[in-house]
Amino acid sequence: MTIVFVNIIGKILLAIFILTVIGGLLRSCSSPLKNIFTVHQKSNKSVVIGFFNGVNTTEKQTQKNVKYLKDSFADIKKPIQYEYFYNYTDGLVNYNLEVFEQRMAEQPLLHNHYELLFDIMDEGGPIISSTIKDIPAAAGAIASLIETSHVLKITYLTNEIAGKNRSVKTSQVYREHLDKAKKFNKEGKRLIFLAHSQGNLFANKLYESLPKQTQKETVVIHVAPASQIKHGGHVLADKDYVISVLNITGNVFPISVKIPDADSRPPGLNGKIDNLGHGFVEIYINKELGTYRQIRKYLNLALSD
Amino acid sequence: MNFQKIKEWLKLNKDVVNAIASLLIFLFVLTGWEVYKFFKIASMFESDIKKNAYSQTLDRSTDVAGPDINHNGIRDDIDKYIETQAKIEDWNDLQIKAVQQDAKATQVTLTINSQNKKASDDASEGTKKSINCIFKQFNQKPPPSSFEIEKLTVNTKTRWIAYSAYNSSRSGSVGSMDDKDDDCVR
């Protein structure tokens with residue numbers, strides 16, 4: 001009885017030994033089997049979704065957008081770390097400030113009402129509506145400011161695409177983004193870039209600066225891209241009036257999805273409707289619209305890679 | 001004669017009569033509820049229009065910080081806005097606290113020396129926590145009015161310049177939006 005028992009234990013130990021040796025050989029050999037093993041390792045890496053914001057966005061608004069982004073993908077079971085790669089368009093904000101100050105000199109009713117500037121740069125919003133209710137005579141001046149702000153935005157984006165807005169500060173932003181991306185990579189995390197509008201220029205630059213091996217593992221999803229280069233799938237709504245204007249001045253990517261007209265469009269997660277069809281939360285991650293479904297398709301693909 | 005007949009019919013069809021009466025009571029209550037809701041919404045809209053007079057009541061003094069008589073870190077006019085909005089939208093105490101935390105965090109971004117990296121990082125952490133807290137207290141669906149505070153705080157040229165300098169100092173930063181237990185200040 002004892003002999004039989006010892007015999008069985010011996011065979012089990014021998015089997016464990018043989019399996020350990022085979023496993024070790026597979027890990028160390030340079031055969032195609034090694035590649036299979038490596039791919040498997042990659043798919044188990046934890047994921048970081050990096051969001052790149054568009055123009056005229058404060059850091060606080062970017063944080064809020066990422067919160068909505070996280071919320072809209074809350075049903076994904078895989079653990080995902082949401083990060084924002086922030087960029088601020090000082091130049092454009094300063095232009096808007098200058099124009100606003102000049103116009104206010106002509107329209108004393110609006111004197112020092114700088115809270116309007118956010119909505120003017122967004123080309124609509126509750127502060128504008130309430131100010132017009134309070135000061136109806138200011139409606140014309142506000143409309144004119146919105147028009148000017150729109151032109152400034154388009155000019156800025158056109159120059160940005162052409163690479164004319166580069167400054168020491170821009171290079172510094174690129175460097176800081178790259179340092180952080182490398183850090184994530186070092187921690188064994190896989191990167192998925194989700195870039196909106198001007199953020200695409202920053203995402204592209206970061207992607208191009210990554211080491212080749214990291215590039216292979218990184219996925220870029222271009223949302224309303226204000227860029228002429230892309231490294232992954234793109235999503236662009238037919239009624240995105242910011243990017244469609246850019247299409248006249250510089251080549252941008254073709255429309256990928258149709259959305260309803262502004263008056264029949266459901267509000268986004270933040271309860272707001274964007275008449276320009278360009279807002280990240282109002283349009284692109286609005287679960288009722290095809291734009292969200294397209295982003296989701298690219299994301300699912302990236303996550304199952 | 002007719003009355004007698006009706007009485008007899010009612011007696012015979014007691015169950016039907018009861019069912020119709022119940023249905024009528026149900027419809028009456030439902031209509032009453034809808035009418036109540038209509039007036040509540042209408043009154044909210046009315047208050048909303050009144051509330052919108054804030055463009056006339058915002059502090060437009062020349063300094064960045066503005067008046068804060070009760071020293072709670074929130075400008076007095078913004079305090080007033082939160083108080084009014086909380087009544088209009090029926091926020092509970094935790095929701096009011098979350099919005100106040102956000103107002104305070106926004107005020108900090110304007111008043112720090114944005115060239116000081118540590119101060120700038122701390123201020124950014126402050127807005128991150130306050131946003132997480134607002135989402136938490138409003139069950140992931142914060143009302144748009146809770147996010148108007150940023151615009152109302154940055155309401156003069158001096159404040160815009162200060163806020164722009166802060167955001168410029170943040171350009172290039174990478175931050176996480178993961179929820180933490182201590183997001184809401186106690």
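## A charge over a ring

Which residue lies over the face of A:Phe253? It's A:Lys230, at 5.2 Å from the ring centre. Keep in mind that this is a predicted model.

Nonpolar side chains tend to be buried together in soluble globular proteins. Here, the largest nonpolar core has 93 residues, and those with the most contacts inside it include A:Ile49, A:Leu69, A:Phe280 and B:Trp160. Helix 7 of chain A (residues 139-161) gives the most to this core, with eight residues. Apart from it there's another core, of 18 residues, with A:Val173 and A:Phe184 among them.

Take a look at A:Leu69. Leaving aside neighbours within four places in sequence, its contacts include A:Ile49, A:Phe51 and A:Phe280.

## Helix 3 of chain A

This helix covers residues 59-72 and reaches 20 Å from its first C-alpha to its last. Helix 3 of chain A is mostly covered, with 14 of its 14 residues buried.

## Rings that pair up

The whole structure holds 14 aromatic pairs over all chains. In one of them, A:Tyr68 and B:Phe135 have ring centres 4.9 Å apart and planes at 70 degrees, so the pair is edge-to-face. A:Tyr68 sits in helix 3 of chain A and B:Phe135 in helix 6 of chain B, so this pair joins two chains. Both residues, A:Tyr68 and B:Phe135, are buried.

A:Phe100 and A:Tyr114 also form an edge-to-face pair, with 65 degrees between the planes. Ring pairs also link A:Phe52, A:Phe85, A:Phe184 and A:Phe193 into a cluster.

Technical notes: Residues numbered from 1 in each chain as written. Chains lettered and ligands numbered in written order. Predicted model: local features only at pLDDT ≥ 70, side-chain atom pairs only at ≥ 80, totals over all residues. Heavy atoms only, no water. Helix = DSSP H or I, 4+ residues; strand = E, 2+ residues; numbered from the N terminus. Expected span 1.5 Å × (residues − 1). Buried < 20%, exposed > 50% of the residue type's maximum accessible area, 1.4 Å probe, protein only. Core = buried A, V, L, I, M, F, W, Y, C linked by side-chain atoms within 4.5 Å. Contact = heavy atoms within 4.5 Å. Phe/Tyr/Trp six-rings, centres within 6.5 Å; stacked < 30°, edge-to-face > 60°. Lys NZ or Arg CZ within 6 Å of the ring centre and 35° of its normal.
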